[in-house]
Structure formats: structure tokens, C-alpha cells
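Thanks for asking me to look this one over.

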Amino acid sequence: MFVYLSLAIAVLLIIIDQAIKFWAASSLKLIPTIPLIQDVLHLTYRENKGAAFSILEGKTFFLIIITAAMLLVMLYILLKKVMTHPVIVSAFSLIIAGGIGNLIDRIFRPGGIVVDYIDFRLINFPVFNFADICVVIGTALFIIYLIFLEPKEEKKKKQTKEDPSQNGGADENE
């Protein structure tokens with residue numbers, strides 16, 4: 001059930017991403033910038049023809065294929081319940097939401113551009129978007145799982161195999 005709820009939230013996040021990008025492309029594009037916090041956080045329209053930090057600029061077809069493949073693998077893992085830990089489900093759902101949000105741009109916007117608009121100027125960071133935030137948070141959750149939670153899960157599985165009484169005395173083959 002949690003998988004389906006997480007994927008429903010991912011759909012909502014995709015809609016939010018696309019709505020903001022629509023606004024940015026139709027309104028923000030017409031003005032230089034909107035300072036939310038002067039010299040710290042602005043809304044500034046940018047067109048990105050690559051991936052993060054404009055890497056692979058102009059390689060739209062490659063980015064579409066790689067992104068679609070990764071998203072399909074994550075969807076498969078979630079829908080087939082290969083991995084069911086809530087942190088993994090949440091991480092993959094966020095990455096899927098952000099990936100699809102930017103994939104929609106690459107496929108449907110002229111020139112395969114991705115609309116960026118969040119301009120964090122305090123450290124002169126590249127302009128990014130809501131979908132990018134979803135991908136970064138999802139990736140951070142995935143890394144947290146791999147470093148801190150997965151070793152505990154593996155240890156628990158190993159203990160259960162060594163001492164079947166840990167799983168209520170049930171045989172593993174049941």
C-alpha cells in the first residue's frame with residue numbers, strides 16, 4: 001500500500017513541477033529576476049540543455065534514453081516489491097517524480113530544454129528547479145539507506161538465518 005501511496009505522491013509532485021515550469025516559462029521568462037531574498041534567493045528563468053550543471057549539454061537523446069531506463073528500473077523495483085523498505089520506496093518515488101518532471105521537459109519542450117528557475121546566489125550555485133530538488137532529496141535518502149540502514153537490514157537477515165527463532169520460529173521455506 002505504501003508503494004502506491006508514494007507513487008501517487010510522485011504524480012502530485014510531477015504536476016507541481018510542471019505547473020511551476022509552465023508559470024516560469026510564461027511569466028518569469030519575460031523579466032530578468034524576482035528577488036525573494038536579495039542576493040541570496042531569486043527566481044530567474046534559465047533554459048538547460050543538459051543534465052545537472054549543464055553536463056552533457058546537447059546530448060538530449062542520450063539523456064532521454066538513460067533517464068527513461070533508470071526510471072523504468074526504479075518503477076520495476078517498486079511495483080514488483082523487490083525492495084520495500086519505506087526509505088527506499090520514498091527515495092525512488094522522489095527520484096522518479098523529479099526524473100519524469102525533467103524528462104517531460106526534454107521530450108516536449110523545443111530543443112529538449114529543461115526549465116530552471118531557482119537561483120541560489122549566496123554561493124553562486126547553478127539555477128535549478130523543483131524536479132531537481134526531488135531527485136537530490138531522493139538520492140540523499142537512497143545514500144542514507146545504503147550507508148546506515150541496509151547494513152542493519154543485512155545483519156538482521158543474517159541473524160534470522162542463523163537463529164530461526166528470531167522470526168517466530170517459522171521456517172524460511174514457508
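The points below take the sheet, the charged pairs and the aromatic pairs in turn.

1. A word on the basis. This is a predicted model, in which local features need pLDDT of at least 70 and side-chain atom pairs count only at pLDDT 80 or more, while totals for chains, interfaces and linings use all residues. Residues are numbered from 1 along each chain as its sequence is written, and side-chain values use heavy atoms, with hydrogens and water left out.

2. The sheet. Helices (H or I, at least four residues) and strands (E, at least two) are DSSP runs, numbered from the N terminus. Three strands make up an open, antiparallel sheet in the order E1-E2-E3. E1 and strand E3 (114–120) each have a single partner strand and stand at the edges, so one side of each is left without a neighbour in the sheet. From one strand to the next, the twist averages 35 degrees. Angles here run from 0 to 180 degrees between N-to-C directions, and axes are lines fitted to C-alpha atoms, for helices over the stretch in contact.

3. Strand E1 (residues 34–37) and strand E2 (residues 41–48) run antiparallel and are joined by three bridges; for strands to pair, DSSP must find at least two bridges between them. Ile34 stands opposite Leu43 in E2. The two strands form a hairpin with three residues between them, and Asp39 in the turn has a positive phi of about 65 degrees.

4. The helix over the sheet. H1 lies across E1, E2 and E3, and runs at about 85 degrees to E3. Ser6 belongs to helix H1 and counts as buried at 7% relative accessibility. (Buried means under 20% relative accessible area, exposed over 50%, partly exposed in between, using a 1.4 Å probe and protein chains only.) Leaving aside neighbours within four places in sequence, Ser6 is in contact (heavy atoms within 4.5 Å) with Val89 and Ser93.

5. The charged pairs. How many salt bridges does a search of the whole structure find? There are five, where a salt bridge is a side-chain nitrogen of Lys or Arg within 4 Å of a carboxyl oxygen of Asp or Glu. One of them joins Lys21 and Asp105 at 3.3 Å, N to O. Lys21 sits in helix H1 (residues 2–26) and Asp105 in helix H3 (residues 86–108), so this pair ties together parts that are 84 residues apart in sequence. Lys21 and Asp105 are both buried.

6. Arg121 pairs with Asp119, with 2.8 Å between the closest N and O atoms; Arg121 is partly exposed at 33% relative accessibility, whereas Asp119 is buried at 6%. Through shared partners, salt bridges link Asp17, Lys21, Asp105 and Arg109 into one network.

7. The aromatic pairs. Rings of Phe, Tyr and Trp (its six-membered ring) pair if their centres lie within 6.5 Å; planes under 30 degrees apart count as stacked, over 60 as edge-to-face and the rest as tilted. The count comes to two such pairs. Phe92 and Phe142 are tilted, 5.5 Å centre to centre with 40 degrees between the planes. Phe92 lies in helix H3 and Phe142 in helix H4 (residues 130–162), so the pair ties together parts that are 50 residues apart in sequence. Phe125 and Phe128 are edge-to-face, at 5.8 Å and 85 degrees.
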